[in-house]
Amino acid sequence: MKKISLETELKNNAYPGRGIVIGKSPNGKYAVTAYFIMGRSENSRNRVFVTEGEGIRTQAFDPSKLSDPSLIIYAPVRVLGNSTIVTNGDQTDTVYDLMGQGQTFEQSLRTREFEPDGPNYTPRISGIMNVENGQYDYSMSILKSNNGNPSACNRYTFSYSDPVAGEGHFIHTYMQDGDPLPSFEGEPKLVELSDDMDAFTDMLWKSLNEDNKVSLFVRYIDIATGEYKTNIVNKNK
């Protein structure tokens with residue numbers, strides 16, 4: 001698979017929806033992740049990311065304009081021991097709870113399926129990063145309808161047991177804007193990463209469509225120590 005420019009990929013897609021990037025920095029020091037949300041409706045755009053414990057939560061920017069919290073208010077990021085869970089919905093809690101009971105990432109997600117928002121049937125995308133004793137691996141998942149048919153759920157898990165420095169993988173909910181919105185196809189895209197977290201954050205935010213972008217989360221975890229730094233950018237201020 002050819003490595004692509006994440007900047008170009010985002011600039012050429014007005015509506016990838018929600019997206020997860022996971023990989024390893026070029027210098028090999030950091031486990032890297034990013035999660036962004038976009039929105040077309042007032043309800044979806046009326047959000048910000050706020051910190052909650054070691055993770056983050058979505059929150060209504062203007063509570064008086066929140067019409068339906070069911071699919072937009074959730075914890076995208078939670079930390080369970082040495083594992084960082086990143087998802088586009090409340091399946092973050094499912095993975096957190098069931099892995100805490102001894103199930104695997106993949107087993108946990110078998111209890112869930114795509115979102116019940118027909119006719120889009122938005123895919124549930126998820127990722128997990130495991131950093132422990134100087135070792136790092138990650139997995140990504142997508143749960144999607146069977147080509148728009150909600151009677152069947154297609155489940156895909158991609159595992160990266162020995163991440164290569166400078167490589168990341170990008171998965172998002174929609175191929176592009178549309179009505180209904182077409183679900184992501186194929187395996188996660190191989191993308192370029194950066195050693196500089198602030199520059200990476202700035203590039204991502206500037207590359208997302210100005211009208212549709214809502215919030216961005218970026219975290220760099222030191223693979224040797226497990227210590228991390230986080231950037232959060234919200235359009236609503």
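The points below walk through a predicted model, one region at a time.

1. **The six-stranded sheet.** Start with the open sheet of six strands. Its order is β11-β10-β1-β2-β12-β13, and the pairing is antiparallel. Strands β11 (189-192) and β13 (228-234) are the edges, each pairing on one side only. With direction ignored, neighbouring strands of this sheet are turned by 20° against each other on average.

2. **The helix on that sheet.** Helix α5, residues 197-207, packs on the sheet. The strands touched by α5 are β1 (19-24), β2 (30-38), β11, β12 (213-222) and β13. The direction of α5 makes about 160° with that of β12.

3. Strand β10 covers residues 167-172. Four bridges link β10 to β11, in the antiparallel sense. The loop between β10 and β11 holds P180. A cis peptide bond joins D179 to P180, with omega at about 0°.

4. **A hairpin.** Strands β3 (residues 47-52) and β4 (residues 55-60) pair in the antiparallel sense, over six bridges. V48 stands opposite Q59 in β4. Two residues lie between the strands of this hairpin, and G53 takes a positive phi near 60° there.

5. **The largest core.** Which residues have the most contacts inside the largest nonpolar core? They are I20, Y35 and Y136, in a core of 25 residues. Strands β1, β2, β7, β8 (135-146), β9 (149-160) and β12 each supply at least two residues. The most come from β8, which gives four.

6. Leaving aside neighbours within four places in sequence, its contacts include Y35, V86, I125, M140, F170 and I171.

7. **T33, a buried threonine.** T33 is found in strand β2. Its relative accessible area is 0%, so T33 is buried. Residues up to four places away in sequence not counted, T33 touches V21, I22, V86, M129, F217, V218 and R219. With V21 there is also a polar approach: the backbone oxygen of V21 lies 3.0 Å from a polar atom of the T33 side chain. For scale, T33 and N146 are 28 Å apart, C-alpha to C-alpha, and 113 residues apart in sequence.

8. **Helix α3 has a buried face.** In α3 (residues 91-100), the buried residues are Q91, T92, T94, V95 and L98. Seen down the helix axis, these buried residues fall within an arc of 160°, so they line one face of α3. An α-helix has 3.6 residues a turn, so residues three or four places apart point the same way. The buried residues of α3 pack against β5 (77-80), β6 (83-87), α4 (105-109) and β7 (124-132). Just after the helix, G102 takes a positive phi of about 100°.

9. The side chain of R124 has polar partners. One is the side chain of Q91, at 3.0 Å. Another is the backbone oxygen of E113, which lies 2.7 Å from a polar atom of the R124 side chain.

10. **Another cis proline.** P119 is found in the loop between α4 and β7. The peptide bond joining G118 and P119 is cis, with omega at about 5°.

11. **Two asparagines to check.** N133 sits in the loop between β7 and β8. Its phi is near 55°, a positive value in a residue other than glycine. At 71% relative accessibility, N133 counts as exposed. N147 lies in the loop between β8 and β9. N147 is not a glycine, yet has a positive phi of about 55°. The relative accessible area of N147 is 76%, so N147 is exposed.

Conventions
Residues are numbered from 1 along each chain as its sequence is written. This is a predicted model: local features need pLDDT of at least 70, side-chain atom pairs count only at pLDDT 80 or more; totals for chains, interfaces and linings use all residues. Side-chain values use heavy atoms; hydrogens and water are left out. Two strands pair if DSSP finds at least two bridges between them. Axes are lines fitted to C-alpha atoms, for helices over the stretch in contact, and angles run from 0 to 180 degrees between N-to-C directions. Contact means heavy atoms within 4.5 Å. Buried means under 20% relative accessible area, exposed over 50%, partly exposed in between (1.4 Å probe, protein chains only). The arc is that of the directions from the helix axis to the C-beta atoms. A polar contact is a pair of N or O atoms within 3.5 Å; within protein, one must be able to donate a hydrogen and the other to accept it, and residues adjacent in sequence count only if both atoms are side-chain atoms. A nonpolar core is a set of buried Ala, Val, Leu, Ile, Met, Phe, Trp, Tyr and Cys residues joined through side-chain atoms within 4.5 Å.
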